[in-house]
Amino acid sequence: MQNNSILKKNLIDELGLGALPQEKQDELIAKMGEVITKKIYLETMENLSETDKEELVKMLDAEAESEKIEEFLKGKIENYEEIVKKIIDDFKEEIKEAANKFDDKYKE
């Protein structure tokens, strides 16, 4: 999916991971992707009716294509894309803040 490639490149650039070996970049991006996916899932479930939650769970259990799931969510949740963007932006800020705290702690 092209959006995933753009997101991956964006995370690498914004978080300054470009100097890391490709294998380490891939590992970190995979872990960050898992966290973002979980955050999106939790926010999504809060915004769905009980019936829609059941439908989503059925789709996930049936391993529906991600595009189909995304279209379902866009149809059920007002401003879905903005919600996802905010979650990603907030996550990036959390990572940047954590990195800055780490840098400040170990600078002398």
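**Chat about an all-helix chain**

User: What order do the elements run in from the N terminus?
Analyst: They go α-α-α-α-α. Keep in mind that this is a predicted model.

User: Ok, and how many helices and strands is that?
Analyst: Five helices and zero strands.

User: How much of the chain is buried?
Analyst: Buried residues account for 23% of the 108 residues.

User: What about contacts, how many join residues at least 24 apart?
Analyst: Taking contacts between residues at least 6 apart in sequence, 49% join residues at least 24 apart.

User: Switching to single residues. Where is lysine 92?
Analyst: Lysine 92 sits in helix α5, which covers residues 80–106.

User: Is lysine 92 buried or exposed?
Analyst: Buried. Its relative accessible area is 7%, and the cut-off for buried is under 20%, so lysine 92 falls in that class.

User: Which residues does lysine 92 touch?
Analyst: Leaving out residues up to four places away in sequence, lysine 92 touches Asn10, Leu11, Glu14 and Leu15.

User: New topic: which residues make the nonpolar surface patch?
Analyst: Tyr41, Leu42, Val57 and Leu60 make a nonpolar patch of about 330 Å².

User: Which elements give two or more residues to the patch?
Analyst: Those are α2, residues 22–47, and α3, residues 50–61.

User: Tell me about tyrosine 41. Which helix is it in?
Analyst: Tyrosine 41 is in helix α2.

User: And why is tyrosine 41 called partly exposed?
Analyst: Because its relative accessible area is 37%, and partly exposed runs between the 20% limit for buried and the 50% limit for exposed.

User: Now the inside. How many cavities of 30 Å³ or more does the structure hold?
Analyst: One.

User: How much space lies in the largest cavity?
Analyst: About 40 Å³.

User: Which residues line the largest cavity?
Analyst: The lining is Ile40, Glu43, Thr44, Asn47, Ile77, Tyr80, Ile83, Val84 and Ile87.

User: Which helices supply at least two residues each to that lining?
Analyst: α2 and α5 both do.

User: So what do I keep in mind about α2 and α5?
Analyst: For α2, it gives two or more residues to the nonpolar patch and at least two to the lining of the largest cavity. As for α5, it also supplies at least two lining residues, and it holds lysine 92, which is buried.

How values were computed:
Residues are numbered from 1 along each chain as its sequence is written. This is a predicted model: local features need pLDDT of at least 70, side-chain atom pairs count only at pLDDT 80 or more; totals for chains, interfaces and linings use all residues. Side-chain values use heavy atoms; hydrogens and water are left out. Helices (H or I, at least four residues) and strands (E, at least two) are DSSP runs, numbered from the N terminus. Buried means under 20% relative accessible area, exposed over 50%, partly exposed in between (1.4 Å probe, protein chains only). Contact means heavy atoms within 4.5 Å. Patches are made of residues with over 30% relative accessible area and no salt bridge: like charges are joined within 9 Å, nonpolar side chains (Val, Leu, Ile, Met, Phe, Trp, Tyr) within 5 Å. Accessible areas come from the Shrake-Rupley method with a 1.4 Å probe; for residues, only the protein chains shown count as cover. A salt bridge is a side-chain nitrogen of Lys or Arg within 4 Å of a carboxyl oxygen of Asp or Glu. On a 1 Å grid over the protein atoms alone, a cavity is a set of points where a 1.4 Å probe fits but cannot get out, and a pocket is an open set with protein on both sides within 12 Å along at least five of seven lines; lining residues have an atom within 4 Å of a point. Grid points are joined across faces, edges and corners, and a volume is the space filled by probe spheres set on the points.
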